[in-house]
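Trainee: I would like to go through the labels used for this structure and see what each one rests on.
Mentor: Then ask about them one at a time.

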Amino acid sequence: MNENSHSVSRVVFRLVRIVVLIYVGLVLMLAGCQRRMIYFPAKSSESVLRDRAEQTGWASWEDPEGHLLGWKDLNAPAPTQPVNRLLVFHGNAGFAQHRTYYRDGFGGVGGARWEVFVFEYPGYGARPGSPSEQAFATAGREALEFLWRDDKRPVFLLGESLGSGVACRLAGEFPDRVAGLVLTTPFTSLADVAARQYPVFPVRLLLRDRYDNVKGLGNYRGPMAMLLAGSDEIIPAEFGRRLFDTYDGPKRLWVQETATHNTLDYNAEMPWWDEVTEFLLQHRAGEPAN
C-alpha cells in the first residue's frame, strides 16, 4: 500500500471516528434531556389561575388538605342531581384550564348531566413537582381515590394525547371502577411515536417514560370511545387505529379526516358529544366499590 493510500485511510478513519463521536454524543444528549423533549408544561401562579378561573367558569378542585388537584365546572350539577363524573387527563402542552372544550362539550349534552373535572399534572399550572410518567400516574391515582372517597360510583376517564397514557394505565388498574374511557389522538405507546420521529436513534432502549397504552388496557373491558385526527402530524392516526384494533371491549371510533393534531373540531354543537355520551352510557361498566 503506497503513502497516498495510507493518507486516504487515515482521513476516512478520522471521519468515521468523528461521525461516531457525534452520534454517541447525540444519543447521550437524548438520554439525558429526554423529559425536556417530551413535556412542555405551561406554568402560572395559583393566584393568577384562581382569578382566571372566576372569569372563565372554573372552580378549583382541591384535596382534603387544600392542595390544588385541578379544576371543575363552576356551574356543575348539584350533588343531588343524577350526574356522570368525567375525569380529564389533558394533553402535553398548556395546562388544565385551557381544556374548556371538554367542559363545554359534555356540559351541553342534552338529557345526560356531566360533572367534568380536569386534572392538573405535577409541574403544570400551579402544581409543584416535575413531569414524569410515574409522577402523573401517582397523582392521577390519588385524584381518583379522592373522587371515590365520598361517592363510590365508577368514574369515566378521558385521555387527550399524552394524557391517554395516564387514562389507559388507570383504567387498567381500576377496571371495575372506571365506567368508560374516551381517548382523543392516542397512541399505542410513546416508544412507537418516538421511534417514528427519531428513526436513527435507539429510542426504545433509551426511553424512561414509555406510556404503553396497549399494556395499560390489558385488564380493562369497559367501553372505549376514540377520536382521531386523520391528518395528525404529531401522533400519526395509524397509532390510534392500531390501539383501537387491539382493544377487545366495546369500542367506537370517530375520525376527523382533515384535522391535524391541534385542529380537531371540539365545537360544543358537534354531534360527537351526543354520540359519545350515548355510546358510553349504553355500555357503562363497573360497579360501585364496597
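Mentor: Rings of Phe, Tyr and Trp pair if their centres lie within 6.5 Å. In this predicted model, Tyr101, Tyr102, Phe106, Trp114, Phe156, Trp254, Tyr266, Trp272 and Trp273 form one aromatic cluster.

Trainee: How many aromatic pairs are there by this rule?

Mentor: The count is 20 aromatic pairs.

Trainee: Why is the pair of Trp148 and Phe174 called edge-to-face?

Mentor: The ring centres of Trp148 and Phe174 are 5.3 Å apart, with the planes at 65°. The cut-off is over 60 degrees, so this pair also gets the label edge-to-face. Trp148 is in helix H4 and Phe174 in the loop between helix H5 and strand S6, 26 residues apart. Both residues, Trp148 and Phe174, are buried.

Trainee: How do you know that the charged end of Arg177 sits over the ring of Trp148?

Mentor: The charged end of Arg177 is 3.9 Å from the centre of that Trp148 ring. The distance part of the rule asks for within 6 Å, and the rest asks for a position within 35 degrees of the ring normal. The charged end of Lys251 likewise sits over the ring of Phe244, 4.8 Å from its centre.

Trainee: Why is Asp192 called buried?

Mentor: Its relative accessible area is 16%, and buried means under 20%, so Asp192 is buried. Asp192 is found in helix H6.

Trainee: What makes the side chains of Asp192 and Thr188 a polar contact?

Mentor: The distance is 2.5 Å, and the cut-off for a pair of N or O atoms is within 3.5 Å. Leaving aside neighbours within four places in sequence, Asp192 is in contact with Arg204, Phe239 and Arg242.

Trainee: Is Glu115 buried or exposed?

Mentor: Glu115 has 16% relative accessibility, which is under 20%, so Glu115 counts as buried. Glu115 is found in strand S4. From Glu115 to Asn84 the C-alpha to C-alpha distance is 6.0 Å, although they are 31 residues apart in sequence.

Conventions: Residues numbered from 1 in each chain as written. Predicted model: local features only at pLDDT ≥ 70, side-chain atom pairs only at ≥ 80, totals over all residues. Heavy atoms only, no water. Helix = DSSP H or I, 4+ residues; strand = E, 2+ residues; numbered from the N terminus. Buried < 20%, exposed > 50% of the residue type's maximum accessible area, 1.4 Å probe, protein only. Polar contact = N/O pair within 3.5 Å; in protein donor to acceptor, adjacent residues only side chain to side chain. Contact = heavy atoms within 4.5 Å. Phe/Tyr/Trp six-rings, centres within 6.5 Å; stacked < 30°, edge-to-face > 60°.
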